[in-house]
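Student: Hi! Could you walk me through this one? I'd like to get the picture before class.

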Amino acid sequence: MHELSIAISLLDVAAEEAQNHGGGRVLAIYLRLGPLSGVVSAALLSAFELARESEGMEQCRLLIEETPIVLDCAVCQGPQPARSIQEICCATCGTPTMNLISGRELEVTAMELSDEHANASG
Amino acid sequence: MSTQTRLVEVRQKVLKQNDVTARALRDRFHDAGIFVVSLVSSPGSGKTAFLEQLLTLVRKRHRTAALVGDLATDNDAVRLARSSVPVKQIVTGTVCHLEAEMVKSAMEGWLPDHVEVLFIENVGNLVCPSSYDLGENLRLVLMSVTEGEDKPLKYPTIFNTADVAVITKIDLAAAVEFDSAAAHKSIQAVRPGMRIFELSSKSGAGMPALLDFIESRIAEARESRSAKAAQQASAPVAV
């Protein structure tokens, strides 16, 4: 399984983005995960537990939002859910299409950061 | 000490680093005129036998080279070297797939000059390679007639992310009562419109059709390259 590599990449991205947003400890990572990303949610969560320990980010939580496969259906003229990952066709009219609007996501959408400030009075 | 928490919006792909490296590789291949074909499949689907045949045939028309990924051993590279094209093994150790960075470092100081076609054989695995772009022009997914017609339904993502499906070992089709129509139906269900080739690496049946297809894609890539070059040559006219 490659979920451990993915979890490590995830923590790298989170650390980099935390820096880009003024630093701070990462308390939570919000991830969008599509069925066609090749990554399984449950396996990623277990891998994430291992990875966060090795990166010294034990308190960081991972919140996964699983996105549906959505297709741009030419017949229904607009976004439609796919019937299933085994049937990449419009759930409404059954037209097969590879015009994917979503389903491949593997992306960080938000993070919770904590700032620790020393009080001015000391 | 006081602690404040804040929520920040981010929009970043987890595999950003791989995507950046793959894009750089793709540009580099494009500029050097190298057409790159990658192969993914489960272990034992006949990937190496297929590649051995393919190398022997493609090298007659183009300068060809191959990178082969494996968890351990360089058996495949040794076997493929018999086709007398430059072959390099990428031993991935515990990693179950190739990443763009591995391709990039394998090429350092190895990729011979004037190569026109580079084949990349991924580690035998139908799950993990699907997430990683390697900078290839064409990704072939292989399944053999012995694996069952519903293989694509069990591993939809790898079929969905590949460009072309190759059904191998068709010389064994009758013996295993392979239902070609059912296999095609499974492939089309998970990847509508996918091109499918059926062939035997052993007898060579079906190889010419695939070769013609690859040849046409090489020609297309060349055209787009010369169009881009022509555009660049005529573009910088400031008015």
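Tutor: Happy to! Two strands pair if DSSP finds at least two bridges between them, and helices (H or I, at least four residues) and strands (E, at least two) are DSSP runs, numbered from the N terminus. This is a predicted model, where local features need pLDDT of at least 70 and side-chain atom pairs count only at pLDDT 80 or more, while totals for chains, interfaces and linings use all residues. Residues are numbered from 1 along each chain as its sequence is written, and chains are lettered from A and ligands numbered from 1 in the order in which they are written.

Student: Ok, which strand order does the open sheet of seven strands in chain B have?

Tutor: The order is 4-3-5-2-6-7-8, and the pairing is parallel. At the edges sit strand 4 (87–91) and strand 8 (195–198) of chain B, each pairing on one side only. From one strand to the next, the twist averages 20 degrees; such angles run from 0 to 180 degrees between N-to-C directions, and axes are lines fitted to C-alpha atoms, for helices over the stretch in contact.

Student: How many bridges join strand 7 to strand 8 of chain B?

Tutor: Four bridges, with strand 7 (residues 164–168) and strand 8 of chain B running parallel. In one of the pairs, B:Val164 has B:Arg195 of strand 8 as its bridge partner.

Student: And what about the rest of chain B?

Tutor: Chain B has eight helices and eight strands, and its C-alpha trace spans about 70 × 55 × 40 Å along its principal axes. Of its 239 residues, 43% count as buried (20 or more other C-beta atoms within 10 Å of a residue's own; 12 or fewer is exposed, in between is partly exposed, and C-beta atoms are placed from the backbone).

Student: Switching to chain A: which way does the pairing run in its open sheet, parallel or antiparallel?

Tutor: Antiparallel, with four strands in the order 5-4-3-6. Strand 5 (87–90) and strand 6 (100–102) of chain A are the edge strands, and here the twist averages 45 degrees from one strand to the next.

Student: How many residues lie between strand 3 and strand 4 of chain A in their hairpin?

Tutor: Four, and A:Gln77 in that turn has a positive phi of about 55 degrees. Strand 3 (residues 70–73) and strand 4 of chain A are joined by four bridges, and A:Asp72 has A:Pro79 as its bridge partner in strand 4. Another hairpin leads from strand 4 to strand 5 of chain A through two residues.

Student: Now helices! At what angle do helix 1 and helix 2 of chain A pack?

Tutor: Helix 1 (residues 3–20) and helix 2 (residues 41–54) of chain A pack at about 60 degrees, with their axes 8 Å apart. That makes helix 1 of chain A oblique to helix 2 of chain A (under 35 degrees is roughly parallel, over 145 roughly antiparallel, 65 to 115 roughly perpendicular, and the rest oblique). Among the residues making the contact are A:Ile6 and A:Leu11 of helix 1 and A:Phe48 and A:Leu50 of helix 2 of chain A. Contact means C-beta atoms, placed from the backbone, within 7 Å.

Student: What kinds of residues make up that helix contact?

Tutor: Eleven nonpolar, no polar and two charged. Ala, Val, Leu, Ile, Met, Phe, Trp, Tyr, Cys and Pro count as nonpolar, Asp, Glu, Lys and Arg as charged, and the others, Gly among them, as polar.

Student: How many residues does each of chain A and chain B bring to their contact?

Tutor: Chain B brings 34 residues and chain A brings 36. Strand 1 (2–13), helix 1 (16–32), helix 6 (156–161) and helix 7 (180–190) of chain B each supply at least two residues to its side. The largest share, twelve residues, comes from strand 1 of chain B. By type, the side of chain B that touches chain A divides into 15 nonpolar, 13 polar and six charged.

Student: Last one: is B:Thr157 buried or exposed?

Tutor: B:Thr157 is buried, because 24 other C-beta atoms lie within 10 Å. B:Thr157 lies in helix 6 of chain B. Not counting residues up to four places away in sequence, B:Thr157 touches A:Leu36, A:Gly38 and B:Ser130.

Notes:
Two residues are in contact if their C-beta atoms, placed from the backbone, lie within 7 Å.
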